[in-house]
Amino acid sequence: RGVKLSQQFAVIGLGRFGRGVCETLHGMGYEVLGSDNQERLVNQVLQDHIVDHAIQLDATDPQALKEAGIFEFETVIVAIGNHLDASIITTLNLKEAGVPKVIAKASSEVHKKLLERVGADRVVFPEYEAGCELARSLTRPAILDCLNLDPQKSIVEVKVPEAFHGRTVAEVELRSRYGLNLIALRFDDKFEINPSPSQKLHQGDIMVVIGDNNDIERFLRSQH
Ligand code: ADP
């Protein structure tokens, strides 16, 4: 099958997590191959049109993976969380066959360590990560959206605070007072990139701000 498959993804395990991965990638227009050892789940993803192809196979069997063409994918997601042995063996099979990027779901710390040992390029911990995310969103309700650039820096979307209503970008002095840079303003679904200093801020507008997390926290606290 000598074609380059970089825009194609294979997902092994079609439980809740695997289905979520399939549905989102497929929805974005990527070609997705789904697989599971349960025929019912394979048929389900085909019926729901959240994959392009689906195959029933036992991913612990290297020959089955090879025959399905899965070794030729650039990126494979191992979405087998609750079957530790199958998850480890599958990941090992993929890395031994030279799949460049294997992303695996772990269900415990030990599971994560084992996946890393057998060569997983990235291990995700969805329940744990969703818990952290929920905690952050509960304690920072003012943040509408957040992109963590690294552990210290983020881009966040915040509503224009009341104290800023009717004032201009220059007047609120985000940079000198908080060390934050306003990179855009959002009005409904429209963005104004690099707003001018004379631009007025209104109730309901959203500021897209980049900066240090400490500075972002300090800014948010100052608004209460
Ligand atoms: P979730 O929490 O996302 O629902 P699960 O770990 O419960 O995830 O589901 C994992 C899926 O992986 C199940 O649908 C299961 O049938 C499938 N699976 C388990 N072992 C294998 C295997 N050896 N080969 C292929 N699929 C497997």
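Me: Leaving aside its neighbours within four places in sequence, what is I12 in contact with?
Reply: In this predicted model, I12 is in contact with S35, A59, T90 and a run of residues made up of V76, I77, V78, A79 and I80, once its neighbours within four places in sequence are left aside.

Me: And which residues have the most contacts inside the largest nonpolar core?
Reply: I12 is one of them, together with V11 and V76, and the core that they belong to has 34 residues.

Me: What does the second, separate core include?
Reply: That core has 13 residues, and V156, V158, V169 and V208 are among them.

Me: Back to the strands, then. What is the order in the sheet of 6 strands?
Reply: The order is β3-β2-β1-β4-β5-β6, in an open sheet with parallel pairing. At its edges lie β3 (53-56) and β6 (122-124), each of which pairs on one side only. On average, neighbouring strands are turned by 20° against each other if direction is ignored.

Me: How many bridges are there between β5 and β6?
Reply: These two strands pair in the parallel sense over 3 bridges, and I103 has R122 in β6 as its bridge partner.

Me: Which strands does α1 touch where it packs on that sheet?
Reply: α1 touches β1, β2, β4 and β5, and its direction makes about 165° with that of β2.

Me: New topic, the ligand. Which residues come nearest to it?
Reply: Of the 20 residues around the ligand, the nearest are G13, G15, F17, G81 and N82. The largest share of the shell comes from α1, which gives 3 residues.

Me: How does that shell divide into nonpolar, polar and charged residues?
Reply: The shell around the ligand has 8 nonpolar residues, 9 polar ones and 3 that are charged.

Me: Now the other sheet. Is the pairing among its 5 strands parallel or antiparallel?
Reply: The pairing is antiparallel, and the strands form an open sheet in the order β7-β8-β11-β9-β10. Here the edge strands are β7 (143-148) and β10 (190-193), each pairing on one side only. With direction ignored, neighbouring strands of this sheet are turned by 20° against each other on average.

Me: How many bridges join β8 to β11?
Reply: Strand β8 (residues 153-159) is joined to strand β11 (residues 206-212) by 7 bridges, and the two run antiparallel. Within this pairing, I155 has I210 in β11 as its bridge partner, while V158 stands opposite M207.

Me: Last one: what is the count of buried residues in β7?
Reply: The count is 0 among its 6 residues, so to call a residue of β7 buried would require 20 or more other C-beta atoms within 10 Å of its own. In that sense β7 is hardly covered.

Methods
Residues are numbered from 1 along each chain as its sequence is written. This is a predicted model: local features need pLDDT of at least 70, side-chain atom pairs count only at pLDDT 80 or more; totals for chains, interfaces and linings use all residues. A nonpolar core is a set of buried Ala, Val, Leu, Ile, Met, Phe, Trp, Tyr and Cys residues joined through C-beta atoms within 7 Å. A residue is buried if 20 or more other C-beta atoms lie within 10 Å of its own, exposed if 12 or fewer, and partly exposed in between; C-beta atoms are placed from the backbone. Two residues are in contact if their C-beta atoms, placed from the backbone, lie within 7 Å. A residue is near a molecule or strand if its C-beta atom, placed from the backbone, lies within 6 Å of it. Helices (H or I, at least four residues) and strands (E, at least two) are DSSP runs, numbered from the N terminus. Ala, Val, Leu, Ile, Met, Phe, Trp, Tyr, Cys and Pro count as nonpolar, Asp, Glu, Lys and Arg as charged, and the others, Gly among them, as polar. Two strands pair if DSSP finds at least two bridges between them. Axes are lines fitted to C-alpha atoms, for helices over the stretch in contact, and angles run from 0 to 180 degrees between N-to-C directions.
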